[in-house]
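Please read it with the sequence and the structure open.

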Amino acid sequence: MIPAPFDYVRPADLDEALRILTEREGEAKLLAGGYSLIPLLKLRLAQPGLLVDLRDVAGLDGILWTDDSLRIGGRVTHRRIRDDEGIAARMAVFHDAAGLIGDPQVRNRGTIGGSCAHADPSSDWPAVLCATRATIVCRSAAGSRSVAARQFFLGTFQTAIEPTEVLVEIAVPLPKGRAGSAYRKLERRAGDFATVGVAVQLRLGDDGRIAEAGVGLTAVGEAPFAATDAEAALTGAEPGEAAFQAAGEAAAAQSDPADDSHGPADYKRAMVAEMTVRALRAAAERSTTPQGGPQ
Amino acid sequence: MTTEQLQTTPEVGGMGHSVKRKEDPRFIRGKGEYIDDLVLPGMLWLDIVRSPYAHAKIKGIDSSEALKVPGVAAVVTGKDLEGYKLHWMPTLAGDMQMVLPTDTVMYQSQEVAAVIATSRYAAADGVAAVLVDYEPLPVVVDPFKALEEGAPVLRPDRAADKQTNHIWHWESGDKAKADAALASAEVTIAEDIYIPRIHVASIETCGCVADWDPVREQLTLHMTSQAPHAIRTVLALVAAGAGLPISEQNIRVKTHDIGGGFGGKVPVYPGYVLAVAASFLIGKPVKWIEDRSENLQADSFARDYHIHAELGATNEGKITGLKVKTIADHGYTDAAADPSKFPAGLFNVITGSYDFPNAFVEVDGVYTNKPPGGVAYRCSFRVTEAVHAIERMVDILAHEIGKDPAQLRMENFIQPEQFPYKTPTGWEYDSGNYPAALQKAMEIIGYDDLRREQAEKRERGELMGIGISSFTEIVGAGPSHTFDILGLKMFDSCEIRVHPTGKVLARIGVQTQGQGHETTFAQIIAEELGFPVQDIKIEYGDTDTAPYGLGTYASRSTPVAGAATAMASRKIKDKARKLAAHLLEASEDDLEWTNGKFSVKGSPDRSKTIQEIAFAAYTNHPQGMEAGLEAVDYYDPPNLTFPFGSYICVVDIDKGTGQVSVRRFVAVDDCGNIINPMIVDGQIHGGLTMGLAPALYESITYDENGTNLAGTFMDYLLPTALETPAWEVAKTVTPSPHHPIGAKGVGESATVGAPPAIANAVVDALWHLGVRNIDIPITPQKVWRILREKGVTA
Amino acid sequence: MSTQHVALTVNGEAREADVEPRFLLVHLLRDVFGLTGTHIGCDTSNCGACTVHVDGESVKSCTMLAVQADGAEIRTIEGMADGAALHPLQQAFWDQHGLQCGFCTPGMIMQAAWLLDQNPTPSEHEIREGISGNLCRCTGYVNIVKAIQQASGQLETGESAPVEAAETIEAAPAS
């Protein structure tokens, strides 16, 4: 319940934060909302020497739309994403996921950037970012780089971010034309980590067939990932039960869940198929209007 | 009682009034006084080093680094306590438990050393710095394996002829008759039912502040305890055994506001004893507050019963006999808070609400490498286990012979005219009307329509289930001829003192942890004596002032202390009558009592209010009478009381995920005469939720290394407001004939009755697929696996 | 161990302290400022008993460092009443029997206050979702929902906590 001792700094801006990360590389840990890190500190599962609080660093809180992307600042809270009407209308998968993370208090302070940098293998955002083919912008003293979400989540609590970098923004490409997305999470109880989480995005061609599909899974592998076999099964297909079932099977086959307190592996694998189908049904229904909105 | 039968005005607030709770003003303002709110001058903090192993030898404990942590004052180990013979102490079940081990740990998270420091944070740092060298030993987690030849003997400290993991054997009923009934039964149902370990998990954990005053040689133990007097006596005995100069008149156990007890705050945990020992040795107050992980991983659990039951019946479903054999997993020591003659609690109430003459019940307690227990977690001494088993068996019988489960119950119920009813295991049920409760539940929920809906849905392949639980509870332990805990008889008490200005102070021997005693016990007095509830102060929990009682658990407060309160009130009323006669210059026989005053029969103007009488007790008492107006009663109940009810649950099953959703739940309870309907409903809402939890969500499981797999709230799943249905509650009222106010107690009924209603509903939904039983918790994966095996797809 | 200075406002009053960086906000409120109405019920940020408002948002104060609250405005249960006048939520919890042991109650009231701030007339589902981060073991949530409905003006007048008319069943023999 009581963390081990650590030092604490609150840089005034991003440059100062980056400088500290470089100077104290290896012992510095970034603090945004704290809802991923502080629980670990309390159980003494993490014992960093220095916490770098991003609280006073400006420029991390934007929700911006360009012609072809949605750009979410790293420190945007789950609740702000949930409450954002534009996101609900145009990127429903983000709206879905934001309302299912933790509980209301967690959503008030937890951030999308903090959650992604922490990379719990059962957390919700990574599945969403993989499904939507988002990129993650990492800033260092040397400049910015963008990492595709699909290459960002490397393992359990392991990401492509360097210890000297800050996750400043998530850039989500906007699909053109008819598209719909959804996130479906199987949990044991409200506020739980996912037993299985499936994020999907469908872009339909003019012929009504699926032109591009994104399927992101969480809690069923060492890290969240894109179920590329499921995506292949959907590409070019008529949106409907046959394609959805095939995609569900493919996603299940690509999953590697563990037996744990959330359930046995065979159950989870079957639930990947089930939740993929449910997510696809919802996404397809939402795609009946251009840039399909929420139900 | 009905609104028409209310005997007092709302201002007086006697029985039957939903008086708003008197204790709430402090809680809603955040001014409750819970144990962790207490700060005493010079206070130190105690934190505990715990074993990561379930069974291991302690090769060595190195405190040197811990002692260097700034703020750490001392580190205490088993060897230190051994010098005071304090390293082992008795449990409430008459077994022995370690305070700290000297050589072997017996469960994961067992206390191994205590760190005392000047701050909470320093104590935690001290704990992290203590180095313990363990040598793991083979772990025994399966009680069946624990009984096998060659299993490691977990308790070599026991007598030479008890070098086994078998703790005790207990039986009840008539084996020969039960065997004969089963052998000749036309239909026999046999089933294995496992009820897993669960944990009370009150939102406040356990804790204490031990304050030894070396000058006055007095120990004040501020503590989360549901039974403060019993704790005081146990401490006195332990201190005497250890040769310590702490004797009972100099021990004061003081409870404060308790954030939920549910049985978990009855046992004497090592943390309490360590705080007392530390305070004694150092001469300063010492606080111990456990955190949630410690609470879930080390404190007393509940349940963990492996039940094998056989039910015999006629082809028409008339029950003829019951045989039950149970293995009770107690962890490494029997620390159950059960009455001494009942190591398996009141489990033999397992004949339930049904009329049949032949039953035999046997239970064997077993040691394993797990934390000790079990507590009466809102289960009235193993009644939850008993009710779950009989209600499951009755439902299986009904489905097996193709009879509607409600109909089968109606045909087997003990009928109202049969009360008082003697069961084949020796209990005398005081009163009951089981058909009325079930009938009411069926009407409220629309039972016949639901069965029609279920049939239609089944045609379409949709899974919907209806489950019934018609339970009989057994509470109010208990009559002194049968009940004691460590020899202490289970009476309870109330002491009432009326002040000159007509206000009342009453102290009781029981201990609320949220049940609203400050209101309900005042209501009993208000009913008897006519003082308004607002003029009555109820106190409890300070062993220096409260009369001796055995505390609150197993729903005994209203049956026992409530009776004492009524009886003490009546003693006061007797004296008040004499005072009134004196004041009115009439004979006592000429007086009648209504609405808080005595008046002369036929001359209602000649009257004295109870307040006037109170004043007279100090200013105008007759010669030869003692002044004052007070009384005390120690109530020895003649029998237990038997609340009952019928619950009906409707579930829908998601074929894709296996998730069970409770669509509706109707609870009809009968707890006899009701003191405060609002508070009774609150108890039922909470109890139902604590029944839903183990039915669908909660269990504590261990892997083969004895590692607790549900040791935090991340994995021990308490239902939130989203999982909890909107409970529908109703009542019937069948007073207890032997209880002074006809009340029966209700705190645990819903926790007892709810799980089988839910389990029965799920099995009912799946019976047509060939499913007979599913052990709780009924998780989605269990249902999914069944559906998959039966070839059912979404 | 070096300390940091924190200066914040708690229930309208300026407060300050020197604390270790690891010092949890809940301990600052309880152990340093003596505001013991905020409670600790778990160690994994599940139970919500520690809920307070930080700059108008409900937050689990056990999952926040005191240093993170430097310069913030905190409101705890002790700041909800206006002198003797109870906050409508406090009154409603009392009226509707929305508490039993009282341990989850401060956190529950603080969370409900934030909920009603965001959504002045929530549906029953929205209420249940709104308090899904607050665990209660005693009440089964039924009366907590009613209390929040009362405080948001959504309970019909005269309707108090559910009181089913109890009937005496004649068949029961009294002795």
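Predicted model: local features only at pLDDT ≥ 70, side-chain atom pairs only at ≥ 80, totals over all residues.

For chain A the assignment gives domain 1 (7–52), domain 2 (63–173) and domain 3 (179–286).

**Domains of chain C**

- Domain 1 of chain C puts 15 residues into the contact between the two, and domain 2 of chain C puts in 11 residues.
- On the side of domain 1 of chain C that touches domain 2 of chain C, strand 3 (51–54) and strand 4 of chain C each supply at least two residues.
- Strand 3 of chain C has the largest share of that side, three residues.
- That side of domain 1 of chain C consists, by class, of five nonpolar, nine polar and one charged residues.

**Domains of chain A**

- Between the centres of domain 1 and domain 2 of chain A, taken over C-alpha atoms, there are 19 Å.
- Their contact takes 15 residues from domain 1 of chain A and 19 residues from domain 2 of chain A.
- Helix 1 (residues 14–23) of chain A provides six residues, the largest share of the side of domain 1 of chain A that touches domain 2 of chain A.
- By class, this side of domain 1 of chain A has eight nonpolar, five polar and two charged residues.

**Contact between chains C and A**

- Chain C contributes 24 residues to this contact, and chain A contributes 22 residues.
- Strand 4 (residues 57–60) of chain C gives the most to the side of chain C that touches chain A, namely four residues.
- Sorted by class, the side of chain C that touches chain A holds six nonpolar, 13 polar and five charged residues.

**Helix 2 of chain C**

- The buried residues in helix 2 (residues 88–95) of chain C are C:Leu89, C:Gln90, C:Ala92, C:Phe93 and C:Asp95.
- The buried residues of this helix pack against helix 3 (105–118) and helix 5 (142–151) of chain C, together with helix 1 (24–28) of chain B.
- C:His97 follows helix 2 of chain C and has a positive phi, near 55°.

**Nonpolar core**

- In soluble globular proteins, nonpolar side chains tend to be buried together.
- The largest nonpolar core has 421 residues, of which A:Val215, B:Leu46, B:Val115, B:Ile525 and B:Ile758 touch the most other members.
- Helix 11 (residues 265–286) of chain A gives the most to this core, with 12 residues.
- Apart from neighbours within four places in sequence, the contacts of B:Leu46 are B:Ala114, B:Ile116, B:Ala123, B:Leu274, B:Ala275, B:Ala278, B:Val286, B:Lys287 and B:Trp288.

**A:Ala97**

- A:Ala97 is part of helix 5 (residues 92–98) of chain A.
- Why does A:Ala97 count as buried? A:Ala97 is buried because 31 other C-beta atoms lie within 10 Å, where 20 or more are needed.
- Not counting residues up to four places away in sequence, A:Ala97 touches A:Asp124, A:Trp125, A:Val128, A:Tyr183 and A:Ala199.
- A:Ala97 and A:Asp124 are 27 residues apart along the chain, and their C-alpha atoms are separated by 6.4 Å.

Note on methods: Residues numbered from 1 in each chain as written. Chains lettered and ligands numbered in written order. Contact = placed C-beta atoms within 7 Å. Nonpolar A, V, L, I, M, F, W, Y, C, P; charged D, E, K, R; others polar. Buried ≥ 20, exposed ≤ 12 C-beta atoms within 10 Å, placed from the backbone. Domains from an automatic or database assignment. Core = buried A, V, L, I, M, F, W, Y, C linked by C-beta atoms within 7 Å.
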